[in-house]
Amino acid sequence: MTPSDAATASAATGEAQIGVSLGRAIREARAAKKLSMRALATASDISQPFLSQIESGQTMPSLVTLYRLAKALELSPSALLPTLEEPELVHVSRHDEGVWVPIADNPDSATTRVLSSGTARHATVQEYIVEPGQYMGDWFQSDGELTVYVIEGAINVDIEGHGTWTLAAGDAIAHPGAIRNRWSVHGEGRARMLLSYAFGG
């Protein structure tokens, strides 16, 4: 096995472990709320078979689905994400590492990967890449404080009740996650952003 093959196998194993841990967290939260699988699926606007696949770790939910599940379970999305019991003091994310997942369940959805996460750091940092024409999801809402930094291209940020801002490379915007917000690509080129989600503690 070449180093490249080993890295690919390691990434696949890591993705499977994340899926299993996330599915277990959702299943346990559902049981704690005394919700049936059908009730949670209906509240989250997904099918029961799809929820079954998520809970068993067979598939990874999109970011939108994760938010819907968390809302139905009355939890923060970060409460469902697996964390290390003993977080690394220093964590390095390489450009070719990490699990990329779709933002939404649409086949043409933009993608995101987690660069850093954990209660020890009180924040999650994600990278987003949106190719021209890709779907970026609808309104998002969470707890904590959000900061969006544009690395490449340009985006429009709508913050409900407050306005719309166009951000170019090098621009950033911060706001409470409790205010509904959504992004869209500005112009025809690719957009690449970092989202920092600080949940306090």
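Two strands pair if DSSP finds at least two bridges between them. Strands (E, at least two residues) and helices (H or I, at least four) are DSSP runs, numbered from the N terminus. This is a predicted model, in which local features need pLDDT of at least 70, side-chain atom pairs count only at pLDDT 80 or more, and totals for chains, interfaces and linings use all residues. Residues are numbered from 1 along each chain as its sequence is written, and side-chain values use heavy atoms, with hydrogens and water left out.

**View 1. Strand β3 pairs with β2 and with β9.**
Strand β2 (residues 111–116) and β3 are antiparallel, with five bridges. Thr 111 faces Ile 129 of β3. On β9 (residues 191–198), β3 also runs antiparallel, over eight bridges. There, Arg 192 is the bridge partner of Ile 129. Is β3 enclosed or open? Strand β3 (residues 123–130) has seven of its eight residues buried, so the rest of the structure largely encloses it. Buried means under 20% relative accessible area, exposed over 50%, and partly exposed in between (1.4 Å probe, protein chains only).

**View 2. The largest nonpolar core has 23 residues.**
A nonpolar core is a set of buried Ala, Val, Leu, Ile, Met, Phe, Trp, Tyr and Cys residues joined through side-chain atoms within 4.5 Å. Tyr 128, Val 148, Ile 155, Val 157, Trp 183 and Met 193 touch the most other members. Helix α4 (63–72) and strands β3, β4 (145–152), β5 (154–159) and β9 each supply at least two residues of this core. Strand β9 gives the most, with four. Another core lies apart from it, with 15 residues, including Ile 26 and Leu 51.

**View 3. Tyr 128 and Trp 183 form an edge-to-face pair.**
Rings of Phe, Tyr and Trp (its six-membered ring) pair if their centres lie within 6.5 Å; planes under 30 degrees apart count as stacked, over 60 as edge-to-face and the rest as tilted. Here the centres are 5.0 Å apart and the planes at 70°. Tyr 128 lies in β3 and Trp 183 in β8 (residues 181–185), so the pair ties together parts 55 residues apart in sequence. Tyr 128 is buried, at 4% relative accessible area. Trp 183 is buried too, at 13%.

**View 4. Tyr 67 pairs with Phe 140.**
The structure holds two aromatic pairs. This one is edge-to-face, 5.3 Å centre to centre with 80° between the planes. Tyr 67 sits in helix α4, while Phe 140 is in the loop between β3 and β4, 73 residues apart. Tyr 67 counts as buried at 19% relative accessibility, and Phe 140 at 16%.
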